[in-house]
Each structure stands twice: as structure tokens, then as C-alpha cells.
Amino acid sequence: MLQSPTPKKRRRGRLFRFSSALVVLLAVAGYLLVQYVTGGRGGPGCKVVSGKDDGQAYEFSQEQTMNAATIAAVGTGRGMPERAVTIALATALQESQLVNIQHGDLDSLGLFQQRPSQGWGTKKEILDPTYAAGVFYEHLSKVDDYQQLPLTVAAQRVQRSGYPEAYAKHEPEATLLSAALTGQAAATLTCQGLPDTTQTAVGPDAVRAALVRDFGRTVLKETGAEVTGGGSASKESKSKSKAKAKSTPAPSASASGGSSTVTLPVGSGSTRTGWQLAHWAVANSSVLHIERVSYAGREWAAGSADDPWHSTAAKASAGVRIVTSRQGGEK
């Protein structure tokens, strides 16, 4: 005959069931927390590799990469050096994982977790990645000798974080991203480039608008234009942009079948600028429905982040060619 469980065994059974339920609840809570912090974004869709052929590589979502490209473009548009871009990227990786989150500690917001109550701008401004990057660089430029300081120290003098040592752990990945997104390392960024079906603004006009948003109007060779979204460019960077604008022809666009091509002329000796524009286009490929990007005899095609830039049989053009799908955009 079966014996009824003793009170001690019943207590153990209840404790086991309670512990199991607690583990499940903690797992669910952890998942929801990650979704809350990251905004529920998908997995990796882009990869950046070292230009030194040392096997170093990092993966990011398409959204993270697009935000990183904006941060880099705003920096170079303001005449900031590559080190400044690395500092900004490492900071955003720590503060928001390069996701434009609408929440944080107290009233912190956006890529850099900037606070309206501390004078960083309005909520709307801070949630504009271009503005957020611009105001970060504005503060960084006021830090004496920031290029010679350890990254953690430079970032902390801007952010005033309660955990200043945390920035350092992101320096390796920020360094690779910076090298790619400032054009220092050629053909080192790839993305899946799967079209974002929620976007309707695609085609040449959308590409031009996004370029102006991130780089400023000088990227379209409009002499004397200011950097948009993050304040005015410095007098020195303006004068450099003016000189460059006068010597470089304007972008052109053409259409064929269901796609359009935007060509961004790149002057001789400006290979780094060319690769920055090419990588920027790849980083924005999903939202702008970009199918192919070619520059300097190399081409990227949407479809797989694992495929490297490949050599093309076509003669290398003097500029960056961006082929966009017209589906959902221009008619």
C-alpha cells in the first residue's frame, strides 16, 4: 500500500516547485529586461573586421551599425579626428548599446543617455542621433588633450558617469568600427542589407537627405553650408569643407528599371572619404533599401553580412556608386 508523503517531503516538494517557478520567472524577467533595454531589436546583421587581417571581428544589428555610422559621420563632418569618433562610439556602446532608447536612469535618453535636466537639450533633440552625437563632440572638444588621454578618462569628462571604468571594455570594438566608418580601413564593414519594409522614403532623394542629415550639407558640395542636426561646424572645418566643395563635382542620379543609382564623386587622393561614404551606405542599406555599393573596384551586395566586398570586372569609377531599390519609394 502506498504511503502518504510526510509533511517534510511535502515541504520539500513545494520548495522545489517554488524554486523552479522562480527560475522561470527570473529567466522571463531577464529576457524582458534585455528587450526593454535594447528596444527588442533583432540579432546581428552586420559585421566589422580588422583591416590588419588579424582575425578580429565584431557583429552588430543593422540598427546599431546605422547609429554608429551617424556618430562617425557627424564627427568627421565637424572635422573631429578618428580618436574622437572612437571615444564617441565606445561611449554610446556602454550607454545604450548603440540603440536609440527612449528611457534610462532618471531622465537619461538616447544613444549617449543625455539628460534634458542637465542642459543637454530637449527630449526631442536628444532622441535625434545626429543632434546627440553633435552635442557629445561639442563637449569632447572642450576636454584638454583628449586625444592623448585614456579613452575612459576622456569619455568620463564628458559623461560624468557613476561607472567611468566601464567605457574601456568597449574600446576594441569601437576602434574597429571607427576605422571602418571613418574610411581608414577599406572594405571592412558588411551588412545583410535586408530591406526595412516599414520605410517608404527610399531612392536618390532619401539617400541625399540621409547624407545631409549625418554629414551636413557640405557632403553634397553646397559651399558654405553648416552641419545640420548638431549645431554649426567650426570655422576651421567650414573653410576646409568650402575648399573641398569647390574642387569636387556634385552627386548625380540615374534610374534604370526598378532601381536608381546615386553617384558620389570622390576626388583623387580622397580614398578615405570614399570608403567612409561606401561604408556609410552599407550601414544604412536596410532603411534606405540599398542593393549594391561599389567603390575603388570593390562591390558589396545586399543579402549576406558574411560575404566580403568582392572585386568587380567593371572599371573602377571615380566615385561611390549606390544602387537603391525603388520599391516602396519613388515611383
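**Salt bridges, a disulfide and a helix pair**

In this predicted model, Arg 292 has a relative accessible area of 35% and is therefore partly exposed. The side chain of Arg 292 forms a salt bridge with that of Glu 299, with an N to O distance of 3.8 Å. Glu 299, in turn, counts as buried, since its relative accessibility is 17% and the limit for burial is under 20%.

This pair belongs to a set of six salt bridges. Another one of them links Asp 107 with Arg 115 at 2.5 Å, N to O. Both partners are partly exposed, Asp 107 with a relative accessible area of 23% and Arg 115 at 24%. A further salt bridge brings together Arg 208 and Asp 205 (3.0 Å, N to O). These two residues sit three apart in helix H8, so about one helical turn separates them. Arg 208 is partly exposed, at 25% relative accessible area.

Helix H8 (residues 204-215) also meets helix H2 (residues 62-77): their axes come within 7 Å and cross at roughly 65 degrees. On the H2 side, the contact involves Thr 70, Ala 73, Val 74, Thr 76 and Gly 77, while H8 contributes Arg 213, Asp 214 and Phe 215. Sorted by class, three of these residues are nonpolar, three are polar and two are charged.

Turning to covalent links, the whole structure holds one disulfide. Cys 46 and Cys 191 are its partners, with an S to S distance of 2.1 Å. Because Cys 46 lies in strand S1 (residues 46-49) and Cys 191 in strand S3 (residues 189-191), the bond ties together parts 145 residues apart in sequence. The torsion about the S-S bond is about 110 degrees, so the disulfide is right-handed. Both Cys 46 and Cys 191 are buried.

Notes: Residues are numbered from 1 along each chain as its sequence is written. This is a predicted model: local features need pLDDT of at least 70, side-chain atom pairs count only at pLDDT 80 or more; totals for chains, interfaces and linings use all residues. Side-chain values use heavy atoms; hydrogens and water are left out. A disulfide is a pair of cysteine sulfur atoms within 2.5 Å. Helices (H or I, at least four residues) and strands (E, at least two) are DSSP runs, numbered from the N terminus. Buried means under 20% relative accessible area, exposed over 50%, partly exposed in between (1.4 Å probe, protein chains only). Axes are lines fitted to C-alpha atoms, for helices over the stretch in contact, and angles run from 0 to 180 degrees between N-to-C directions. Contact means heavy atoms within 4.5 Å. Ala, Val, Leu, Ile, Met, Phe, Trp, Tyr, Cys and Pro count as nonpolar, Asp, Glu, Lys and Arg as charged, and the others, Gly among them, as polar. A salt bridge is a side-chain nitrogen of Lys or Arg within 4 Å of a carboxyl oxygen of Asp or Glu.
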